[in-house]
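Visitor: Could you walk me through this model? I would like to begin with its charged side chains.

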Amino acid sequence: MPPKAIGHVKMSYMAAKQIPEILQQLFCYCGCDQMHEHTSLFDCFKDDHSVECSYCLGEAIMSFKMNKKGCSIADIQKSVDLNWGPHYPFPEQFSNTI
């Protein structure tokens, strides 16, 4: 977790630490698959990449909350896809990680 992380940033990095096995199965729609060669949402939390990225933060927090409610990985992925998919910045480029 980045030093001095607060609010949504702190919450999202805590989520990545607590549910890495879930975030490793999720696609991140911020475009990091094209820009940074990330293969999952978890990759966004291996460094400071997601500190200022509302996509990464939002997807991680949503996933964490849904997991706490007992939702399946399939339900979490569906929600992430529906909420964040329409905002993917490279819709014309096929991503191998989806």
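**A charged pair and its surroundings**

Guide: Asp43 is buried, with a relative accessible area of 12%; buried means under 20% relative accessible area, exposed over 50% and partly exposed in between, with a 1.4 Å probe and protein chains only. This is a predicted model, in which local features need pLDDT of at least 70, side-chain atom pairs count only at pLDDT 80 or more, and totals for chains, interfaces and linings use all residues. Residues are numbered from 1 along each chain as its sequence is written, and side-chain values use heavy atoms, with hydrogens and water left out.

Visitor: Which side chain does Asp43 meet in a salt bridge?

Guide: The partner is Lys46, at 3.0 Å from N to O. A salt bridge is a side-chain nitrogen of Lys or Arg within 4 Å of a carboxyl oxygen of Asp or Glu.

Visitor: And is Lys46 buried or exposed?

Guide: Lys46 counts as exposed, at 58% relative accessibility.

Visitor: How many salt bridges does the structure hold?

Guide: The structure holds 1.

Visitor: Changing topic, how many helices and strands does the protein chain have?

Guide: The protein chain has 5 helices and 0 strands. Both are DSSP runs numbered from the N terminus: helices are H or I with at least four residues, strands E with at least two. Asp33 lies in helix H3, residues 32-35.
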